[in-house]
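Hi,

Here is the structure I said I'd pass on. Have a look below, and my notes follow.

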Amino acid sequence: MRVELVRRPHPSALYGALSPFLALLITATLGAIMFAILGKAPHLALYAYFIEPLTEVWSLHELLVKAAPLILIAIGLSVCFLSNNWNIGAEGQFIIGAIFGSVLPVMFPEFRGPFVLPIMLLMGILGGMTYAAIPALLKAKLNTNEILSSLMLVYVAQLFLDWLVRGPWRNPQGFNFPESRNFHADAVLPEVISASGRAHYGFVFAIIAAVVMWYILNRTLKGFEIRVMGQSPRAGRFAGFSRAGTILTTFLIAGGLAGLAGISEVSGAIGQLRPVISPGYGFTAIIVAFLGRLNPLGIVAAGLVLALSYLGGEAAQISLGVSNKVANVFQGILLFSVLACDTLIHYRVRIAGRPSAEGQGV
Amino acid sequence: MSDTDEPPTLQNTLLKVEGITKTFGTLKANDRVDFDIVPGEIHALLGENGAGKSTLVKMLFGSLQPDSGTIKWRGQPVTISDPMDARALGIGMVFQHFSLFESLSAAENIALSLGGEVSLSRTAAEAKRVSDEYGLPIHPDRLVGELSVGERQRIEIVRCLLQQPELIILDEPTSVLTPQEAEKLFATLEKVRREGKSILYISHRLEEVQRLCDRATVLRLGRVVAHCDPRAETAKSLAAMMVGEDIHDVDRRKAVPKEPAKQQPVLVIDDLSQPPTGPFAVALRNVALEVFPGEVVGIAGIAGNGQSEFFEAVSGERLQDRPERIRIRGKNAGHDGPSGRRRLGAAFSPEERLGHGAVPGFSLSENLLLSRHATDGKTYVGALGTIKSRALTSALERIVQALDVRKSEADPLASSLSGGNLQKLILGREFDRAPALLIANQPTWGVDAGAAAHIRQEVIDLARAGSGVLVISQDLDELLEMADRIAVMSDGRLSETIPTETVTREALGLMMGGAGNGEASAKNSPMLPEGTI
Ligand SMILES: Nc1ncnc2c1ncn2[C@@H]1O[C@H](COP(=O)(O)OP(=O)(O)OP(=O)(O)O)[C@@H](O)[C@H]1O
Ligand SMILES: [Mg+2]
């Protein structure tokens, strides 16, 4: 006996549209089972996890704080994925963006003024781009596998940041804690509505990025090029599009957005550099990109959902006393369900005997 | 199975189709189609592009589901929900568009469809045996991506035969083959028929249908318009049944340029040599050619002798070592990509429609942009790189009108067009530009007789209006009909051109075997499709 996937000739359009919601439903169900096994009342646990964070203004702000980097990164990743470039290293591009952007407030704290912040943001973008250019150039010139090279560069970036904040960039007034100096007021990304909560302009950047990228992908020649190269590289070459050019462009877009997310997070949410500045946004954004169907507008919704899984994890830790690793479990289940739903919409499972024997049986 | 209880007539029919209907949107691709196949017959399915032939056979093979109607196999109603069901029944199919994985070897492709129970080496040996037995030379170890269409098709046929089907469906098997290759295929098919198996045969070449087929079913606009004995008909009467009217002959008025030497050539290829792109690709050797305005130059040759490599070199998908190797309207273009060459006035129509000339999952208007964004940038692309979709749809409308492209909705996906209609669109996209130079590889592959005549006429008219045209084709008749001069490509070399008036089929046939250029042929078998040894 053999289990195989058979392509459906006509995948259902309805289920295609419903797929993300189905995946969420499956995730919630599996989550309930998981809580039951942990000995918690499933309905209370799910409430604490998914609903409670949405009932208070301050935690809605927290939701946006968490969603901003996820959305920014995922939009860049979707551009890469659409063009068949598998950039898995957004986490590293995020970190390098944060480091580049922090050069000014950390190394030149006396340098003040209204232009500090724009320079920091641009530096952040530049940092992410530079870091993404490495796997891109390696792929374009030497045909290296971008999945491996971009992923490994994440660890390099993490260790580099760790070394920086323990060594040269350690806060001179920081009692030897592994942290950079606190950003001065001009270097802090302001809150959108400072009276009610912490949500900073990073979320605004995310929304702008989503709209702009949606337009580029669906309405411009560049977006056309990216989609052609992803679906049919040979036709792309015939059209006169350059493979290397597309690799580089898409990686730079992804790196730039990840870098912007990185500096926004450090300057808007944290206020200094620390050894760890991301709870894995760069990886979670991969889930966001797929849950959002690689569509920038879908990604905004997906980013909010995944942000909720982080918040719920924290909330569940407090109110239920479960480990906040539950958030990771949830994200894993969600990615799994998304991929499973998509696969089952395009393929059906068939349990086959020996086909050759079957063939002779007639 | 209780076959023995069935009345003899039913037992005799292998496959019976009753009232099959299939609708795409508002288009009835098949409308109450009836026909049957008996064991040991070759049954032809005829009809113009978009008549619904591929749709019908896809339902027999389980890759599409009928909306209504029944399929009976040996008298029993059956539901064929996917190709595996079809194979289990004993139905094999060779698709119009190939379904092989390019990055796998021939043997691996075959093993995949056998279900993985058989070892690769045994599959290769089996495939070799079948290929010898039926006279279908294949190389099991070669990557499919490196092979010519002719050989890819042989792989598909061998793969199909390996499963010992009772009914083999062939969707336009000869449209990519040279006459010699087709001849071999016919021998194979007749052998298969002698073994008592049946064949359902789709082709636009009526002569071969008359030679080969015992019965024919003719479709027009999705309906059966006739069941007939093709041998009792003439090619003309068959064509008239398909189209509902007579087909015009191509009018090849005399070439305009009296003294081409005085004119500037639109295309100069100067001693072009290049190493092979892959282990099984063909090297180009000292290819030289000039194309003048007002003329059609034909390149004949057996597939796999460097035509695809030549096309990619001329189109700029592969660049040359020196810019002056290729000159378009007097400008060095050897270092320009396809866009640069298009801007110089060239237009290209590649051999493979899906995945090379068009992106299957994109709409037709988007596919229009594929080859037009560089030259008609102002028309179709606005400020900030915005695509002007309205301009695209109106251009699409124009092209569809000009070449009579049949489709099911206003702007469908390229993959939903019938093979011939997509071909018309890809060529129409270039005609619409009135290019100074058109280079077309297999321009009428899979196009029905009426549309093929139309396309050839368009090509000739384009040339007579002052453009230069280079046509690469395996179809000698087509070249003799269109071209003013013909050269032969063999083993990556191109012969001198010969004026069509003085050329004979025999001479061309000899040159195709590699005896051109006054060189003795090193090959003992001129039929061998690959030029690399
Ligand atoms: N998946 C699809 N979706 C929508 N329309 C389709 C689809 N497949 C085929 N059609 C339409 O159905 C009609 C019949 O197509 P089909 O491929 O059966 O033609 P055909 O007789 O094989 O033509 P050809 O000789 O050009 O291969 C065409 O008008 C085509 O546009
Ligand atoms: Mg067809």
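The side chain of T55(B) puts an N or O atom 2.5 Å from an oxygen atom of ligand 1. Bear in mind that this is a predicted model. On its own ligand 1 exposes 640 Å², and the protein buries 90% of that.

The shell counts 22 residues, with G50(B), S54(B), T55(B), S418(B) and G420(B) the closest. By class that is five nonpolar, 13 polar and four charged. In chain B, β2 (27–37), α2 (53–60) and α15 (419–431) each give two or more residues to the shell. Domain 1 (15–243) and domain 3 (356–433) of chain B both contribute, so the ligand lies between them.

- R372(B) and D432(B) pair up at 3.1 Å between the closest N and O atoms. They are 60 residues apart, R372(B) in helix α12 and D432(B) in the loop between α15 and β17. R372(B) is buried at 2% relative accessibility, while D432(B) is partly exposed at 24%.
- D162(A) and R166(A) meet at 2.8 Å, N to O. Four residues apart in helix α6 of chain A, they are separated by about one helical turn.
- R234(A), R237(A), E102(B), R152(B), E312(B) and E352(B) are linked in a salt-bridge network.

Cheers

Technical notes:
Residues numbered from 1 in each chain as written. Chains lettered and ligands numbered in written order. Predicted model: local features only at pLDDT ≥ 70, side-chain atom pairs only at ≥ 80, totals over all residues. Heavy atoms only, no water. Near = heavy atom within 4 Å. Polar contact = N/O pair within 3.5 Å; in protein donor to acceptor, adjacent residues only side chain to side chain. Areas by Shrake-Rupley, 256 points an atom, 1.4 Å probe, with all protein chains shown as cover. Nonpolar A, V, L, I, M, F, W, Y, C, P; charged D, E, K, R; others polar. Domains from an automatic or database assignment. Salt bridge = Lys/Arg side-chain N within 4 Å of Asp/Glu carboxyl O. Buried < 20%, exposed > 50% of the residue type's maximum accessible area, 1.4 Å probe, protein only.
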